[in-house]
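Hi,

Here is the model I promised to pass on. Have a look at it first, and my notes on its pockets and cavities follow below.

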Amino acid sequence: MRNAGTRALVMGCFWALATSVAQAATAELALDNDRSSLAFTTTKNGTVTEVHNFGQLDGSVTGEGIATVAVDLVSVATGIDLRDERMREFLFQTTDFGKAVFTADVSNILLSVKKSSSKTYEIPGKLSLHGKTQNVTANVLVTRGKKMWVISTTQPILIKADDFELGAGVEKLRELAGLTTISKLVPVSFVLTFTE
């Protein structure tokens with residue numbers, strides 16, 4: 001009888017564990033734009049550095065663990081309306097390329113981060129911007145709450161304008177602003193909040 005009871009207890013524990021893993025693997029998450037942010041830094045004339053952001057982010061994580069984050073490039077916010085307009089028209093060319101999209105497989109994160117804990121990861125993914133797609137790696141801290149996941153960069157992601165054929169747009173902005181230089185290497189950082 002004791003053996004039967006022990007087997008039942010073991011099977012019960014195994015079933016509970018399997019169920020919790022299955023639930024984690026099939027969880028679908030939605031990005032909360034109000035609790036998320038994405039910022040990028042520009043440097044002009046070699047010494048003047050400014051931080052800008054985008055006001056609208058959309059994203060999700062599927063049950064299979066595929067994460068997608070879309071940045072509405074029209075929502076660029078630099079603090080100067082004319083500069084925003086110029087970035088939309090000459091740099092991002094939002095009439096033809098309205099969004100930047102990052103995709104990555106985060107299924108291992110869904111399974112390995114326990115509730116009320118944090119863990120660092122290196123997430124390889126693909127960034128599609130201005131009609132070009134490049135491999136990009138994000139070093140992040142993942143914090144999991146009861147029904148919330150927060151993913152934040154632990155170091156900026158360095159985006160090269162020329163990798164996405166944005167170099168000509170940067171040069172046009174430099175010319176319009178009467179600047180000596182604008183760096184084509186742009187650090188990007190983010191805090192992304194997903195809810196179950």
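**Pockets and cavities**

The largest pocket holds about 830 Å³ of space. It is lined by 41 residues, and Phe 40, Phe 54, Leu 91, Phe 92 and Val 186 are the closest to its centre. The lining splits into 31 nonpolar, 4 polar and 6 charged residues.

Bear in mind that this is a predicted model, where local features need pLDDT of at least 70 and side-chain atom pairs pLDDT 80 or more, while totals for chains, interfaces and linings use all residues. Numbering runs from 1 along each chain as its sequence is written, and side-chain values use heavy atoms, without hydrogens and water.

On terms: with a 1 Å grid over the protein atoms alone, a cavity is a set of points where a 1.4 Å probe fits but cannot get out, a pocket is an open set with protein on both sides within 12 Å along at least five of seven lines, and lining residues have an atom within 4 Å of a point. Points are joined across faces, edges and corners, and a volume is the space filled by probe spheres set on them. Nonpolar means Ala, Val, Leu, Ile, Met, Phe, Trp, Tyr, Cys and Pro; charged means Asp, Glu, Lys and Arg; the others, Gly among them, are polar.

The whole structure has 2 cavities of 30 Å³ or more. The largest cavity has a volume of about 130 Å³, and its 14 lining residues comprise 13 nonpolar, 1 polar and no charged. The second largest cavity, at about 50 Å³, has 8 nonpolar residues in its lining and no polar or charged ones; among them are Trp 149 and Phe 194.

Cheers
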